Amino acid sequence: MAAAKAEQGQRPGPGFGPRPGGGPGQRHHGAMAKPQSAGKALKRILAYMKGERLLLILVFLAIIASSAAGVAGTYFLKPLINEYIVPFIGKENPDLSGFAGVLFLMGSIYLVGALSTYAYSRLMINIATGTLYRIRRDLFTHMEKLPVSYFDNHTHGELMSHFTNDTDTLREMMSQGFPQLISSSITVFGAFVMMLYLSPLLTLLVVVMLFVMLVLVTGIGKRISAYFKRQQEALGKVNGYVEEMIEGQKVVKVFSHEAVVTKGFEELNLELCKAASSANTFANILMPVMSNLSYILYAIIAASGAAMAISGRMDLGTIASFLQYTRSFSHPVTMMAQLFNSVLNALAGAERIFRLIDEQPENDDGDVILVNCPDPTGMWAWKRPNENGAFDYIRLRGDVRFENVTFSYDGEKNVLEDVSFYAKPGQKIALVGSTGAGKTTITNLLNRFYDITRGRIIYDGIPLDRMSKNDLRLSLGMVLQDTHLFTGTVMENIRYGNICASNEDVIKAAKLANAHSFIKHLPEG
Amino acid sequence: MIKKLIPFLGEYRRYAVLAPLAIVCETILEVLIPFLMARIIDVGITSGNMDYVLTVGGMMAAMAVLALVFGAAAGRFAALAATGYAKNLRQSLFEKVQEFSFSNMDRFSTASLITRLTTDVTNTQNVVMLMLRMLVRAPIMLVCATGIAVYINTRLSLVFFVAVPVLAAGLSIIMSKAFPKFQIMLKHYDKLNKVVQENLAAIRVVKAYVREGFENDKFGEAAEQLRDSQRRAEKLVIFTMPLMQAVMYATMVCIVWFGGNMIIAGTMKPGELLGFLSYVTQILMSLMMVAMVFISIVISKASVTRILEVLGEEIDIRGSKKIKEDTCSVPDGSISFEDVSFNYGEEAENPVLSHIKLHIRSGETVGIIGGTGSGKSTLVHLIPRLYDVREGRVMLGGIDVRDYSLRELRDSVAIVLQNNVLFSGTIRQNLQWGDQAASDDEITEACIAAAAHDFITAFPQGYDTILGQGGVNLSGGQKQRLCIARALLKKPKVIILDDSTSAVDTNTDMKIRSALSKKLKGTTTIIIAQRIASVMDADKIIVMDDGKIDAVGTHEELLGTNLIYREVYESQQKGVA
């Protein structure tokens, strides 16, 4: 029995039991990606499971136990029927103790199987959620360290999908995909071995049908992937169109363009419908086709087995066991093919995550740091290592000089050309200019969000690139062009500037910025 | 609730009927197959009748093939029905949103509308597809399989009447306990994503204030919370599989025991026992299917609710109810406000506009000045009925704006909004929003007046330059000028510029204004601006303060008589000279 989750949109769903009608084939995956190196990705994921590796071995054993129990239990039908039921037919007062004993054994094996299923699921929860937690934290911490240019070159959507899509598929792979793949494989392998043991001749028929099934699974599987890719593209187009039109809804109204816009949507909608119906058709027919192929096999086996029994070459117990094995076959076989693909897809997602984690962080090789000299003055100063191995202390005053600074964002067009100016401590310098003149760039450079290509920026007599970035930024107070506030109270947001600030300090600052009065007018101040 | 959505099946209704029908056929065939197998063993083998075995075997295989066909057909029909349904749903949602007035739009955020049109519709589609297949298959299989079991051996089938309720009860308990825990987990999931989103948008702020550590801790807390709530939820859910296995195996053991005894006693045949074992799987699986569908329906409830919210929204502003012949075209560009009051929300206290009385002659150039929040934009939004007044009335050309058809009204009033939105397509296509039939000369003329022609022709492809979403490759000032040109192409009776020259420097601003005054001689022009320099030459200037008109007059008059105006003027002049 395979368990797969009911996926809804972008959020994880409850992994309730077996999904009838098809597991991964039923899910709405996007274009299935293949990882560049599945092995490497797996190794890294394993590395995140440190400390829980022993548990992993236990999980593995439990999965084997669970599938093996199912396979073994089915075998019991043969001795039960052949030795404990048929021989007693018609007997008066038969001795049923042997029958009961073997049945008891069968039941116990099954019980062990069910318990093992619980065991590996339970162990897997802790392993999977723990690993995911560690990966998420790593992902976030590394993201925070990335230089501003990385965020310029990657869309928000892309970065968000690492946190949502990629981690979700990874979690699914760990808690369900991988265990099911193993258990399905064991079930199929075990059943096959047992069938061979029971009757090599009948197994031949099974092999032929298995071949047919595999061909169909891959064939349908390929079409599913192809059509889902097309569906994703069509969905992307619809998404983009809807976003544009809704963002610009007011313009649409002002120009009375509603009819035109709706017509445009109709076309894209139709395209999406066509792609979706093909994709879903193939996804839907997978299970019925596989399941009924297995019924065809069932019929053939029943007839052949009966024929062999009539000619005395087979007993009832063997037929019984064999038929049960046949029935338990088709589901795992289908699952294996699909699961394999989805595991690969998850690993590709993991690769994307690791790529971000491996990304070069903002390098900070500045060795000048900011210190607070508590006595006697409580002033702030730069602490710079000098040639003798000791430190120089330079007071923080706020003297900024740009000397022949040239800078370009993309390496081609210079946004700043040979810019020089100075700002003495306490001065108010205004930068004016038309759009695109480079004003915001100057502030970006001062913050060392980007580094200059030519010239020097000197801060309190120290070259900017010698300063530790964190300390440099601590010494600056920036009000950026795009206003960003965070979820939380007004107090918390203002305190962002100085976590140690007291409530009075926060209110004082608000008053200075002329914000206090409107804050007081808010319902909760 | 799903009932409300049934009408959207539309032309796909027959597929929605065919799919379940095919499934019924498939299921019945599948249920009969083990029965035939039992016959082969009990009749065929015992009587040594090869012909019987071959015939019945052939029948079984044929039935399986037929079941395959039905199953595949059902899959196709269900896909057609569900995706067609989704298409109709999406279309209706989109059309409804197009009918929305500004105030309707205000009630939903852009992001949530987009989600409703995409993710929520897809969720509903998937549930519909699942229902069309499983909701029919499961009960039929359950009933038929149990029925055949009863037919074969009534006493033994009692086992099922114990197993099924036990499994059903177990599943219900698990689901009801686990579900609220999943709700909590999803909340934590959303919270986590919110932290990430905020950091992505405000990374510069985080870096500038060196708050990476703080944000890391914030994230860590949220991630820990998610991990713990996920564990709590999953701990319950994992009982499903073992429960299913336990019930199934126990049932099988019981059947083998009791059935075995009956065979020995001669009241049952071995083949029948095998048949029974097959039905164990079929019956218990169908119960699981019901559980699955149930869960999916519950999960999708949120999506369905959100869709119905949009569909059920009452449209605020509709065109005049008069028939086409009665509504007239706008005679001229005169505007009057008669004791107009307005508010965005429901509360009456502190209205955004109160008791506005204003008259503008056709062809006048009027400037509106006022602090942030004084009501300038709101005032002009009332003219093309982007919002409707609460009290009083707005007249255009001597007729209440509500008496015009929306089309007519908006064709005569052009407004260049504060957010300058352009769409994907060429520059020319964007400009043609003003007038689909505009000739190239008219387009060029409008662009020259808006001081846009020069920068357009500087692009290698000129007017055929393609703009990204939102007009991405242009600077703020360029976008504004294109929007002005687009409005000019409407050749309206009234043109309103809402702070439209804020992103251009004073020089370009002056160029635009002088070109406009030449081109728009007969057109009523309303200019909202922050800079007094932009409205200095207007025929009259309106000073607004806190939702009321403070004063009306020419530049010189206001300098002399109005305190607010004088203060603003002097503070803006300080930089000059």
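In chain B, four strands form an open sheet in the order β2-β1-β4-β5, and their pairing is antiparallel. Two strands of chain B stand at its edges, β2 (353–360) and β5 (399–400); each has a single partner strand, so one side of each lacks a neighbour in the sheet. Strands here are DSSP runs of E with at least two residues, helices are runs of H or I with at least four, and both are numbered from the N terminus. Two strands pair if DSSP finds at least two bridges between them. Strand β4 of chain B (residues 391–396) is joined to β5(B) by two bridges, and the two run antiparallel. Met395(B) faces Asp400(B) of β5(B) across this pairing.

A word on the model and its conventions. The model is predicted, so local features need pLDDT of at least 70 and side-chain atom pairs count only at pLDDT 80 or more, while totals for chains, interfaces and linings use all residues. Residues are numbered from 1 along each chain as its sequence is written, chains are lettered from A and ligands numbered from 1 in the order in which they are written, and side-chain values use heavy atoms, with hydrogens and water left out.

Chain B also holds a second sheet. Six strands form this open sheet, in the order β6-β9-β10-β3-β11-β12, and the pairing is mixed. Its edges are β6 (413–416) and β12 (548–553) of chain B, each with a single partner strand, so one side of each is left without a neighbour in the sheet. On average, neighbouring strands of this sheet are turned by 15° against each other, direction ignored. The axes behind such angles are lines fitted to C-alpha atoms, for helices over the stretch in contact, and angles run from 0 to 180 degrees between N-to-C directions.

Strand β10 of chain B (residues 524–528) is mostly covered, with five of its five residues buried. Buried means under 20% relative accessible area, exposed means over 50%, and partly exposed lies in between (1.4 Å probe, protein chains only). In a regular strand the side chains alternate between the two faces of the sheet. In β10(B), Thr524(B), Ile526(B) and Ile528(B) point one way, Thr525(B) and Ile527(B) point the other way, and all are buried.

The partners of β10(B) come next. β3(B) pairs with β10(B) in the parallel sense over four bridges. Gly367(B) has Ile527(B) as its bridge partner in β10(B). Strand β9 of chain B (residues 494–498) also runs parallel to β10(B), joined by five bridges. There, Asp498(B) has Ile528(B) as its bridge partner. Further along, β11(B) and β12(B) pair in the antiparallel sense over five bridges. Ile541(B) stands opposite Gly553(B) of β12(B).

Now the helices. Helix α4 (residues 110–152) and helix α9 (residues 270–311), both of chain B, pack at an angle of about 155° with their axes 6 Å apart. That makes α4(B) roughly antiparallel to α9(B), since angles over 145 degrees count as roughly antiparallel, under 35 as roughly parallel, 65 to 115 as roughly perpendicular and the rest as oblique. The contact of α4(B) with α9(B) has 25 nonpolar, eight polar and six charged residues. Ala, Val, Leu, Ile, Met, Phe, Trp, Tyr, Cys and Pro count as nonpolar, Asp, Glu, Lys and Arg as charged, and the others, Gly among them, as polar.

Salt bridges complete the tour. A salt bridge is a side-chain nitrogen of Lys or Arg within 4 Å of a carboxyl oxygen of Asp or Glu. Lys237(A) lies in helix α7 (residues 200–247) of chain A and Glu271(A) in helix α9 (residues 258–310) of chain A, 34 residues apart, so the pair links distant parts of the chain. Lys237(A) is partly exposed at 46% relative accessibility, and Glu271(A) is partly exposed at 38%.

In chain B, Glu364(B) and Lys540(B) form a salt bridge whose closest N and O atoms are 3.0 Å apart. Glu364(B) sits in the loop between β2 and β3 (365–370) of chain B, and Lys540(B) in strand β11 (residues 540–545) of chain B, 176 residues apart. Glu364(B) is buried, with a relative accessible area of 6%. Lys540(B) counts as buried at 13%. Finally, salt bridges that share partners join Glu362(A), Lys469(A), Arg473(A) and Lys207(B) into one network.
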